[in-house]
Amino acid sequence: MARVVVDVMLKPEILDPQGQAVQRALPRLGFEGVSDVRQGKRFELEVEGPVDGDALARIHELAETFLANTVIEDFTVRVQDADGNERPVEAGTDAASEGAVA
Amino acid sequence: MSPQSHSHTLDTVKHAEQTPEAELPWKELGLKEDEYARVREILGRRPTGAELAMYSVMWSEHCSYKSSKVHLRQFGEKAPTEGPGAEAMLVGIGEQAGVVDVGQGYAVTFKVESHNHPSYVEPYQGAATGIGGIVRDIIAMGARPVAAMDPLRFGAADHPDTKRVLPGVVAGIGGYGNCLGLPNIGGEVVFDPCYQGNPLVNALCVGVMKHEDIHLAKAAGTGNKVILYGARTGGDGIGGASILASETFEDTAGKPAKRPAVQVGDPFQEKLLIECTLEAFHADLVVGIQDLGAAGLSCATSELASNGSGGMQVELDTVPLRDSSLSPEEILMSESQERMCAVVEPEKVDRFLEICEKWEVTATVVGEVTDGDRLEIFWHGEKIVDVDPRTVAHEGPVYERPYARPDWQDALQADDPAKLPRPASGEELRAATLALVSSPNQAAKSWITDQYDRYVLGDTVLAQPEDSGMIRIDAETGLGVAVATDGNGRYAKLDPYEGARLALAESYRNVAATGARPLAVTDCLNFGSPEDPAAMWQFAEACRGLADACKELGTPVTGGNVSLYNQTGEAAIHPTPVVGVLGVIDDVTRRTPMAFRDEGLLIYLLGETKEEFGGSAWSQVAHGHLGGRPPQVDLERERLLAEILISASRDGMADAAHDVSDGGVVQALAESCLKGGKGARIVVPDGLDPFVFLFSESQGRALVAIPRSEEVRFTDMCAARGMPAARIGVVDGEALEIQGRFTLPLDELRREHEATLPGLFG
């Protein structure tokens with residue numbers, strides 16, 4: 001069993017009303033010094049079997065078609081090992097590419 | 001995509017004069033060679049990058065109406081000059097929305113617009129920002145938005161891409177409109193394979209104000225300040241306007257698609273804009289106001305300046321940004337949502353800014369009105385735009401596009417539906433009825449409209465599935481307005497001239513059926529590519545038809561929108577003129593609903609039934625057929641029918657009324673029975689073929705349910721005015737019974753009628 005983390009964020013040029021609402025609330029609550037907030041989604045996928053190129057390709061596909069709306073969102077895929085350390089997906093495989101450039 | 005990315009030095013006016021030969025990406029921004037030459041000729045030099053950005057978006061089809069203008073003129077030239085419609089007109093075509101006098105000191109503004117392409121690319125946000133845009137048009141006139149409606153067209157109901165587009169569009173309309181607190185009171189949903197790659201998402205908004213609150217978009221008075229308020233400007237939708245109206249999102253050379261950066265709306269910001277704008281209006285702080293829609297600041301500054309008396313200076317670097325890396329060209333082209341631009345006298349600026357602060361709306365003085373006639377835009381003190389604003393906003397190219405009746409039109413009209421096999425026996429008629437009422441176009445739309453808030457604000461009198469939506473304006477007197485939208489693309493494909501007249505006739509009839517007096521029209525003309533002579537012919541014919549029909553019925557066009565290039569490759573959509581009619585009712589408690597509510601009511605069919613099946617729902621459902629001639633329109637008859645329906649409502653003669661249109665009498669009967677939960681016993685009139693009686697789509701007809709006590713008075717009125725009225729049955733029992741033919745229990749009818757859309761999309 002391994003855990004793959006998919007982070008989905010609105011593309012930088014897209015308005016993020018939720019993030020803005022959080023940012024506006026901060027000074028009211030006494031938290032100064034935060035100039036911008038953008039809010040995203042994090043998916044933790046428990047994957048059966050080895051997290052190899054094939055598995056990552058499948059995860060990339062499901063992220064691209066289902067978890068993220070790539071018209072307005074980017075996503076990144078990372079693998080977490082048993083100790084909780086994360087590593088970005090190695091370069092060179094399709095699955096390594098970020099949604100933004102897919 | 002910004003012009004500036006081609007050179008890193010700021011492209012000032014001076015720089016443009018010094019480097020006359022510099023190449024600019026005019027082609028990539030959608031300008032044609034001769035249009036670019038014209039820009040150079042107007043300026044007497046090459047444009048700067050910022051000027052090019054402005055001209056390219058403002059001269060796009062979407063903003064300049066360059067292909068449609070020559071035909072749209074008819075709406076003004078043929079506008080009725082007398083009658084209630086003409087007398088009620090307070091503000092006509094050319095402003096952000098038309099305004100109509102509805103009596104008691106009230107005025108109503110309403111307009112329908114398209115947001116078709118964005119809704120195909122990103123259904124949720126496209127449809128949501130469509131509502132946002134039309135709402136800002138309404139508040140810019142000084143009116144409070146009170147209702148929205150959405151005429152929608154999708155591809156085949158069972159096509160996989162429709163399952164992507166429709167739920168997103170519906171959720172987007174609901175999400176934005178519900179958050180805004182705006183009731184959605186009607187509209188249409190139509191499925192046809194011709195809309196597969198080009199769904200139509202039109203949005204209509206109605207606003208109410210007192211006569212003295214009407215405001216026009218202009219920048220008069222030297223020294224007055226230009227204030228940009230609302231959301232910060234970001235990198236969304238850049239170049240959208242020019243690319244929105246382009247044929248396709250794919251670049252032919254296989255380069256990255258010219259996909260417009262999608263805009264994301266924020267309805268809570270829009271709600272603040274509404275309150276903030278109306279408070280500023282009521283405090284008399286505003287000289288002119290304009291919303292920022294397509295073409296963003298380029299449009300707002302050039303239109304405000306050219307509608308005013310003088311010129312305008314803008315310090316572009318003062319515009320509040322969401323992304324500090326934006327270039328001046330990008331700021332000018334950005335279509336970030338929820339922004340408005342106001343012109344305010346200097347001594348009122350502080351008060352205006354206070355109101356904005358109270359509503360937590362960012363507001364910035366970005367420029368002022370000057371006594372010259374130039375629009376000058378500066379970037380950190382350097383002049384990057386120096387143009388005559390009229391050349392940007394109003395004097396764009398005008399095309400007399402060639403048009404020709406397509407060579408397939410004759411064959412299409414000759415393909416008469418008379419040859420199609422018809423149901424004859426009672427069993428066959430019963431099966432045909434069930435197939436009709438359960439077909440996606442004729443089935444109940446509640447799965448969609450239940451996702452919209454129809455009753456927020458507490459003034460909704462009638463909402464979908466009634467013939468028209470109705471809103472109460474004044475709680476004391478009961479004054480109200482009714483609005484309906486219609487547009488049958490199948491009819492218009494068979495004959496675009498008649499199709500446009502039919503769209504008006506149906507919408508007019510729908511308003512009258514509820515008891516309201518039709519007054520004025522808004523239209524959204526959805527067509528294929530103007531560069532295709534066949535599509536251009538359809539457009540020209542539809543404009544001519546609608547303008548003629550508006551003149552005949554005395555209902556002027558107050559404004560609207562044109563959406564061209566609804567075409568994928570060679571395949572254009574059916575020509576789809578969507579016509580919205582606004583009517584007035586003096587007391588909404590007198591309205592006529594569509595439901596058969598009480599047993600014993602007598603059912604009358606008004607009008608004449610002829611054998612008319614061209615473009616009919618039956619021919620589509622039973623045979624997938626489209627051919628022949630659309631039903632005939634008799635506008636004198638429509639006017640008479642409307643008078644009868646209005647009188648019946650006002651004098652309390654009719655308990656229910658329902659317009660007969662797509663699907664014919666049997667569809668109308670089924671809807672009125674189901675809405676009231678009461679059955680009907682119907683007798684086929686002598687001399688009429690049962691199939692023709694039930695399924696024909698002859699125009700100028702309506703069903704009316706009359707209490708026995710009113711029967712003589714009602715039939716006397718019809719006879720006196722020459723309106724054919726046939727008693728066809730009585731409200732009774734738990735089934736729709738066509739005597740001697742078939743019986744359909746209401747339970748079964750309801751199951752078939754209501755299960756279709758949930759089955760497809762639920």
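Strand β23 (residues 656–659) of chain B runs antiparallel to β25(B), and 4 bridges join the two. This is a predicted model.

**Strand β25 of chain B**
- Strand β25 (residues 702–706) of chain B is largely enclosed by the rest of the structure, because 5 of its 5 residues are buried.
- In a regular strand, side chains alternate between the two faces of the sheet.
- One side of β25(B) carries B:Ala702, B:Val704 and B:Ile706, the other B:Leu703 and B:Ala705, and all of them are buried.

**Annotated binding site**
- The unreviewed UniProt entry lists "binding site" residues in chain B, among them B:Ser114, B:Asn116, B:His117 and B:Ser563.
- B:His117 lies in helix α7 (residues 116–121) of chain B.
- B:His117 counts as buried because 23 other C-beta atoms lie within 10 Å, the cut-off being 20 or more.
- B:Ser563 belongs to strand β18 (residues 557–563) of chain B.
- With 26 other C-beta atoms within 10 Å, B:Ser563 is buried.
- Beyond its neighbours within four places in sequence, B:Ser563 is in contact with B:Ser114, B:Asn116, B:Cys524, B:Leu525 and B:Asn526.

**Contact between chains**
- Chain B contributes 13 residues to the contact and chain A contributes 6 residues.
- On the side of chain B that touches chain A, 5 residues are nonpolar, 4 polar and 4 charged.

Conventions. Residues are numbered from 1 along each chain as its sequence is written. Chains are lettered from A and ligands numbered from 1 in the order in which they are written. This is a predicted model: local features need pLDDT of at least 70, side-chain atom pairs count only at pLDDT 80 or more; totals for chains, interfaces and linings use all residues. UniProt positions are given in the numbering used here, feature names are shortened, and annotations may be inferred rather than shown by experiment. A residue is buried if 20 or more other C-beta atoms lie within 10 Å of its own, exposed if 12 or fewer, and partly exposed in between; C-beta atoms are placed from the backbone. Two residues are in contact if their C-beta atoms, placed from the backbone, lie within 7 Å. Ala, Val, Leu, Ile, Met, Phe, Trp, Tyr, Cys and Pro count as nonpolar, Asp, Glu, Lys and Arg as charged, and the others, Gly among them, as polar. Two strands pair if DSSP finds at least two bridges between them.
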